[in-house]
Amino acid sequence: MTDTMLEVQGLSMHFPVLGGILHQKVGEIKAVDSVDFSLDSGKTLGIVGESGCGKTTVGKAIARLLLPTSGSIRFHGVDIAKLSDRTFKPFRGKIQMVFQDPSSSLNSRRRIGDLLLDPLRPNKIPMREKRRRALELLELVGLSGDNYYRYPHMLSGGQKQRIGIAKAVISNPELVILDEPTSALDVSIQAQIIELLQQIQNELQIAYIFISHNIILVRNVAQEVLVMYLGRVMEKGPADVIFTSPKHPYTIALLSSIPTLTDEEASLLPTKIHLAGETPPATKLPVGCRFAARCPFRMVKCDQTEPPLVEVGQQSVRCWLY
Amino acid sequence: MEAHQWSIWRRSLMSHFREAISWLTKRGGGPASRKDKLKCARAYVPHVFTEGNRITCDILRIEDLVINFGTYDGTAYVVDDLNIHVGEREIIGLVGESGCGKTITAKAVIGILPKQAHVVGGKIIFKGTDLLRIEQKMLHEMRGKEIAWIPQDPMTSLNPVFTIEDQMMDILKWKGTYKLSPISYFRHKFENRSTANVKVEVIQMLERVQISDPERVMKSYPAQLSGGMRQRILIAMALLGNPSLIIADEPGTGLDVSVQAEILDLMQSKVKEDGNSVIFITHDLAVAKKICDRIYVMYAGAVVEIADKNELFADPKHPYTLGLLEAVPKLTGGVGKSIAGMIPNYYDPPSGCRFHPRCPYSMPICTTEKPLEYSVAGEHQVACYLFGDKRA
């Protein structure tokens, strides 16, 4: 059963910059600029990039926590970007999100059980049924049932993230957006959480959008990868291909800067590319390629026009070199 | 009023009294802390140590350090018999999960422990002086000049209302000054003699940390700079005093991979140039491998394994180190295996080896007696009964 569940086309998210005495729009931040991708059910898409490159904004737009400026997000053929809040309601349960910081994304004044039942509120299910479901999920994420009446502060970071995952999964979603689910956790707990996520995916056939800056993790979790830089997709393709033969200079630089543990791992990485300078501010984007200022292979053409996303083998690369 | 509340209230009242008395009698001022009680003027301990037939000259030696936290829930036994030594021009790494006492150990070295922490026993010998037994004033003179600190979070560690120039020049002007009197402050302010020299020095330092446009950066406020830039400035600030020991508390952890790699390269090269010793605190084994010479693996307030970095990664011994290494996701495939269980509760830590409840090789003796550090090969030491002295 592999149909295209999610199809994103030309997704753009521009935020106005307000200023002046009248507090009017003086500029625009192009947080996300025409991003295209598609995702089959039961698969994982990884999004990697520096902080501030628009990874999280893409996730939030798909979960409709933000309304995109333009573009379409087709979920089983329905463009959810065009729906009103009321007509979107039935989809809310189908698209869920797990947030980065487990400590601050759970309301500290409510019990775990109440938090877990929140996503079920629009469904008219009897309370007994809901409770049974919540206890079932607590078991699924490896916590005992007596956590139902506890408060978030009584749990450790890893346990809280498990609650976050249980909360996302309780409404039987088809797509879960994982926004850096392990970056606030220790390595030893990170492995537990990833195992749990993979187990849930196998059992429930949920598609994941895995947003992370931990590239090694994305390589092991995702089947498809998007590499983003300043709101643009720089490279896109199957995870194996991107990590074994990266094409875009930015991807190569990202991969080459991963600290490794063994020589075997180090030999898998491309040779070191030194990135000069800083990321340009999102308010003043260059006319040409957004990466040009830091690119070691910069050409005259790069500063004048922005390269299109061209297909090279299985990958798509946005670079004039190809 | 309950008994414990009364005792807390009385303690705070007493400290106010003591403060008032010391202010009236003008004996240095400040609340009388535990350190003042321990004050035995300058406790000089010989600087050179002999280990077997070898004479080592260590910059810092932490011996049997024990730190407890007095909290409302009881006493937390956080650091338990810690031994660390840092040689000259050596970069050592403290590696462990969060909450294993890495930062507390480092804070004890420069004497900025939180109020509720008590150093119960042990010595911290820096260049022959026991830092736990000298006066606050002398410790203050050492900070910045002899021992510097690179904080973890570049976003919150700089003062947002002063320019970079002000903050960096302040270090050069006032480092080691304890209790600045208003007169000397205003004299400095109006004479303005040394500012030009100081400015040149600041610019040079900013150039050394590869900031391309130091003049502009100096005039800007922290909020106008990127995270990587701010972390560079924090490194520059630590290097300004030309300290013999730098404590780096996970620099660059909050930054992106590419920026972090640059920061690490930069720090390594500058430290090699200046010949400072560094205590590098991190939870990332790969980062430790990249930058450190020797690595201490810590678990629950105690060192479990000490080894040269190549040795440690080629031949890890302690079950905890093995677990940590397995937990890291690999490029070659696999998301890693987690260590079962959790970090122990510090109010009631496990008896014997603190790792035994999570250890797959746990033996009866592990539950009763704390293992010593057994030498495996040369400097490679492991605190585990699997590698020596079964006490059978």
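Q: Let's begin with strand pairing. How many bridges join E3(A) to strand E9 of chain A, and do they run parallel or antiparallel?
A: Welcome! Keep in mind that this is a predicted model. To read a pairing, count the bridges and look at the direction of the two strands. Here 4 bridges link E3(A) with strand E9 (residues 224–229) of chain A, and the two run parallel. Within that pairing, Leu45(A) sits opposite Glu224(A).

Q: Which residue stands opposite Ile47(A), and in which strand?
A: Ile47(A) faces Ile211(A) in E8(A). That strand, E8 (residues 207–211) of chain A, is joined to E3(A) by 4 bridges and runs parallel to E3(A).

Q: Is E3 of chain A buried or exposed?
A: For burial, count the neighbours: a residue is called buried if 20 or more other C-beta atoms lie within 10 Å of its own. Strand E3 (residues 44–48) of chain A has 5 of its 5 residues buried, so the rest of the structure largely encloses this strand.

Q: Which way do the residues of E3(A) point?
A: In a regular strand, side chains alternate between the two faces of the sheet. In E3(A), Thr44(A), Gly46(A) and Val48(A) point one way, while Leu45(A) and Ile47(A) point the other way; all are buried.

Q: How do I read the order of an open sheet, say the one with 4 strands in chain A?
A: The order is E2-E1-E4-E5 in chain A, and the pairing is antiparallel. Strand E2 (24–40) and strand E5 (78–79) of chain A are the edge strands, each pairing on one side only. Further in, strand E1 (residues 4–19) and strand E4 (residues 70–75) of chain A run antiparallel and are joined by 5 bridges. One example is Val8(A), whose bridge partner in E4(A) is Ile73(A).

Q: What is the strand order of the open sheet of 8 strands in chain B?
A: The order there is E7-E8-E9-E4-E10-E11-E13-E12, with mixed pairing. Strand E7 (147–150) and strand E12 (374–377) of chain B are at the edges with a single partner strand each, so one side of each has no neighbour in the sheet. On average, neighbouring strands of this sheet are turned by 20 degrees against each other, direction ignored.

Q: Which domains does chain B have?
A: A domain may be built from separate stretches of the chain, as the assignment for chain B shows: domain 1 covers 33–146 + 246–259 + 276–387, and domain 2 covers 153–242. Their centres, taken over C-alpha atoms, are 31 Å apart. Where they touch, 11 residues of domain 1 are in contact with 12 residues of domain 2. On the domain 1 side, helix H4 (residues 136–142) of chain B gives the most, with 3 residues.

Q: How many residues does each chain bring to the contact between chain A and chain B?
A: To read an interface, take each side in turn. Chain A brings 31 residues and chain B 33 residues. On the chain A side, H6(A) provides the largest share, 7 residues. That side divides into 15 nonpolar, 9 polar and 7 charged residues.

How values were computed:
Residues numbered from 1 in each chain as written. Chains lettered and ligands numbered in written order. Predicted model: local features only at pLDDT ≥ 70, side-chain atom pairs only at ≥ 80, totals over all residues. Domains from an automatic or database assignment. Contact = placed C-beta atoms within 7 Å. Pairing = 2+ DSSP bridges. Axes fitted to C-alpha atoms, helices over the stretch in contact; angles between N-to-C directions. Nonpolar A, V, L, I, M, F, W, Y, C, P; charged D, E, K, R; others polar. Buried ≥ 20, exposed ≤ 12 C-beta atoms within 10 Å, placed from the backbone.
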